[in-house]
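Me: I would like to go through this structure step by step. Could we begin with how its elements are defined?

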Number of protein chains: 2
Amino acid sequence: MLEKKRRAGVAPDVPASSSKKPRASAAASYAESLRSKLRPDASILTTLRSLAASASKSKAATNSLADHDPSADPISSYIVVADQDSASVTSRINRLVLGAARSILSGRGFSFAVPSRAASNQVYLPDLDRIVLLRRESARPFASVATARKATVTARVLSLVHAVLRRGIHVTKRDLFYTDVKLFGDQSQSDAVLDDVSCMLGCTRSSLHVVASEKGVVVGRLVFADDGDRIDCTRMGVGGKAIPPNIDRVSGIESDALFILLVEKDAAFMRLAEDRFYNRFPCIILTAKGQPDVATRLFLRRLKVELKLPVLALVDSDPYGLKILSVYMCGSKNMSYDSANLTTPDIKWLGVRPSDLDKYRVPEQCRLPMTDHDIKVGKELLEEDFVKQNEGWVKELETMLRTRQKAEIQALSSFGFQYLTEVYLPLKLQQQDWI
Amino acid sequence: MLEKKRRAGVAPDVPASSSKKPRASAAASYAESLRSKLRPDASILTTLRSLAASASKSKAATNSLADHDPSADPISSYIVVADQDSASVTSRINRLVLGAARSILSGRGFSFAVPSRAASNQVYLPDLDRIVLLRRESARPFASVATARKATVTARVLSLVHAVLRRGIHVTKRDLFYTDVKLFGDQSQSDAVLDDVSCMLGCTRSSLHVVASEKGVVVGRLVFADDGDRIDCTRMGVGGKAIPPNIDRVSGIESDALFILLVEKDAAFMRLAEDRFYNRFPCIILTAKGQPDVATRLFLRRLKVELKLPVLALVDSDPYGLKILSVYMCGSKNMSYDSANLTTPDIKWLGVRPSDLDKYRVPEQCRLPMTDHDIKVGKELLEEDFVKQNEGWVKELETMLRTRQKAEIQALSSFGFQYLTEVYLPLKLQQQDWI
């Protein structure tokens, strides 16, 4: 433990660059000089405690997050599906099927009412800070050449989901497809109908026990139960704990962390885990290793809802980094109906921000020119509602587009391998430098 | 626990397919009839115990695996780098640098002797069942226009590795690149020189503390320490434990497993983890989620060397599945010099094998036609030494190419979501149906 403390301490870093160009070495010595700006950890911790306190007090945010159940609100004009337990999903399926049976017996045939998931039916709600689905349904009658097949597939998916829930197991979309390849034809069809079924039943895909594959990992001041096994994330070495694919098997979340540190990439996660950053500044560190997967998004949201902790994000300083933040915060378009359960509002952009490049004097050679595609994505982001509503983000994005430069988190390694954990992040936290 | 036992038990499965075609339902009922062939678990366990015993007794295999240190063998005509502790790597670097300094002082300038890693210098050794590098070195003198830059890069990488080792930390290739972007230009250059340095020092890349990102997960009857934290893989829920990127921080490996089950894909891993398959048949289950990464390969090898357990592989029945086995067993060409430390010989192909498709009567619609590319890869595999030396594998591959059909592990879901864990795998184990 002592040895670990020391490693995470303030021992002199690896000399940054042997390059003889005055500019680079000036940058390196300036970067090193920032170390002296650091106040004692106790002082930074006080800052973090007040951040955590304000996050847990902001009832407004967490209420809209945790308690809003639009499926209980009949006059709601939009669809936001909610987590439901197996018994409830099963009984919803039963009701649907009984309705169909009655309709058939009365000679009217049967038809499913399926909410439209078309892009034109998706809308961003600033109040909720999420993309949702408008309540607009179309009929899928069995007695029509155009929809007979799709109605059959829908019935089949309903019956498969029912069977999965009855057994109390979880399956993947691929498993579902293979149970009736002849009927489904190809997986995109069973996947699409599965999303329909989610909307029809008003419950999340994870409530249907159809799970996505996992790729996220977590480490730090967090204890939870995964399928009944108690996991202490301070004792997960440097590898961390794989985030479970089935969020409904996660329970008993406890933590003495002051914030959640959301990391875009693997390499930074590894640095933080190896340096046991969470022991110096109590936090929970998680990453989806790039584009966030559903399991990691669900997990982050659960942590935020249950622990009411602030979430600080560490992403690359490029349009893609911001896009990743947007997926965590507002959801992706193709799962908009599920956005309420997948999104975590109020994530703070800690770094690496375009303005950091000059502030920390990241050497020119560690910055990368933006490609045409980067610039296009950056300009599109400027038009997005979730960016527009945060003045600080707009400014940063404009800086990026003006300078046409981007940089990875890893660029900070130019000041020493542990600069990220020893200087950059502590200073950021001390200066409350998030937006 | 009881509830878990029950889930993994022999409760009637989800009815397989509602399709009315006689062929598909006949296949389903045949598949179900195989359940009755299963002997009690105690009997299957006896089979597995003798498998485990024979694996631990096969001294020949494990000796060549664990004890062979070609770097200690001066007359060896090939290069196989070995794991070295930090002190030893540091002193090797020191010796190299002292040599260079002496050479400079004596007026002869300095030059590195760098082993060639060209494809023409790579060879498959049937004895070792691995790809290795022939001992053929080229000089990289500083006093030559052609190599001055590369010699400088080499010196710089040596000094960076030295610094990393001194600090007792681990870094990624990307970190290394960013410490001197100006000199390295682009990452492929620092990566290539890092591999050179590995060969020059005769030690693995992980001994240099330069690690790859992790993507593997493990679950089951295994206890180990990750950076000093004790990890019990029977208590890792369904998510499993992320395999650590830095193998040298792994210690204290213990297990009461009878075999290691190597799984190609995520979805099958999840099924096995959720059904706690390892409690019914004591085993360690691991997956790299597709193409094996370095961390997972190192980890598998460590398990095999220390626990002397048989390794059974569950991969898709397609050329790609076999290719994945080849990477685990013989290494990939671009890291041949490190193959001794990355490869695990003697992996048994448990399934899904081309002959299983008929044996288990996998319905036609769950099989996929091989593409032209698949066929090309399949034919190339038939020419590979590691396939040729196993008659059973050749036969299976010929069957695949004759029928032009492939199938995923997930295709077994057509007989019910838990068919894999309840019937297919237990029957395979009972019948010792591996090759």
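Reply: Helices and strands here are DSSP runs, a helix having at least four residues and a strand at least two, and they are numbered from the N terminus. Please keep in mind that this is a predicted model.

Me: Then what does UniProt list for residues 214-250 of chain A?

Reply: An unreviewed UniProt entry lists this span as "domain: Type II DNA topoisomerase VI subunit A all-beta".

Me: How much helix and how much strand does the span hold?

Reply: Residues 214-250 of chain A are 0% helix and 41% strand.

Me: What share of the chain A contacts comes from residues 24 or more positions apart?

Reply: Among contacts in chain A with a separation of 6 or more, 76% are between residues 24 or more positions apart.

Me: New topic. Which residue is listed under "active site"?

Reply: UniProt lists A:Tyr178 under that heading, in an unreviewed entry. A:Tyr178 lies in helix α7 of chain A, which covers residues 173-178.

Me: Is A:Tyr178 buried or exposed?

Reply: A:Tyr178 is buried, because its relative accessible area is 1%, and the term buried applies under 20%.

Me: What is A:Tyr178 in contact with, beyond its neighbours in sequence?

Reply: Leaving aside neighbours within four places in sequence, A:Tyr178 is in contact with B:Cys366, B:Leu368, B:Glu408, B:Gln410, B:Ala411, B:Ser413 and B:Ser414.

Me: Let us turn to helix packing. What describes two packed helices?

Reply: Two packed helices are described by the angle between their axes and the distance between the axes.

Me: How do α5(A) and α6(A) cross?

Reply: Helix α5 (residues 86-105) and helix α6 (residues 148-167) of chain A cross at roughly 150 degrees, and their axes come within 10 Å. The two helices are therefore roughly antiparallel, since angles over 145 degrees count as such. Their crossing is left-handed.

Me: Which residues make that contact of α5(A) and α6(A)?

Reply: From α5(A) come A:Ser86, A:Val89, A:Thr90, A:Ile93, A:Asn94 and A:Leu96, while α6(A) supplies A:Leu158, A:Val161, A:His162 and A:Leu165. By class, the contact of α5(A) with α6(A) has 6 nonpolar residues, 4 polar and no charged.

Me: And α13(A) with α16(A), at what angle do they cross?

Reply: The axes of α13 (residues 319-330) and α16 (residues 372-383) of chain A cross at roughly 40 degrees and come within 9 Å. This angle makes α13(A) oblique to α16(A), and the crossing is left-handed.

Me: What meets what between α13(A) and α16(A)?

Reply: On the α13(A) side, A:Pro319, A:Leu322 and A:Lys323 meet A:Asp374, A:Val377, A:Gly378 and A:Leu381 of α16(A). The residues of this contact between α13(A) and α16(A) divide into 4 nonpolar, 1 polar and 2 charged.

Me: Over to chain B. What about α6(B) and α9(B)?

Reply: Helix α6 (residues 148-167) and helix α9 (residues 187-201) of chain B pack at an angle of about 70 degrees, and their axes are 9 Å apart. They are therefore roughly perpendicular to each other, as angles of 65 to 115 degrees count in that class. The contact of α6(B) with α9(B) has 9 nonpolar, 2 polar and 2 charged residues.

Me: Where is B:Lys173, in which helix?

Reply: B:Lys173 is in helix α7 (residues 173-178) of chain B.

Me: Which residues does B:Lys173 touch away from its own stretch of sequence?

Reply: With neighbours within four places left aside, B:Lys173 is in contact with B:Gln187, B:Asp191, B:Leu194, B:Arg205, B:Val210 and B:Val211. B:Leu194 is 21 residues from B:Lys173 along the chain, and their C-alpha atoms are separated by 8.4 Å.

Me: Last one: is B:Thr296 buried or exposed?

Reply: B:Thr296, in helix α12 (residues 294-307) of chain B, counts as buried because its relative accessibility is 0%. Its contacts beyond four places in sequence include B:Gly216, B:Ile243 and B:Tyr328.

Methods:
Residues numbered from 1 in each chain as written. Chains lettered and ligands numbered in written order. Predicted model: local features only at pLDDT ≥ 70, side-chain atom pairs only at ≥ 80, totals over all residues. Heavy atoms only, no water. UniProt positions renumbered as here; feature names shortened; annotations may be inferred. Buried < 20%, exposed > 50% of the residue type's maximum accessible area, 1.4 Å probe, protein only. Contact = heavy atoms within 4.5 Å. Axes fitted to C-alpha atoms, helices over the stretch in contact; angles between N-to-C directions. Parallel < 35°, antiparallel > 145°, perpendicular 65-115°, else oblique. Left-handed = near helix turned anticlockwise from the far one by under 90°. Nonpolar A, V, L, I, M, F, W, Y, C, P; charged D, E, K, R; others polar.
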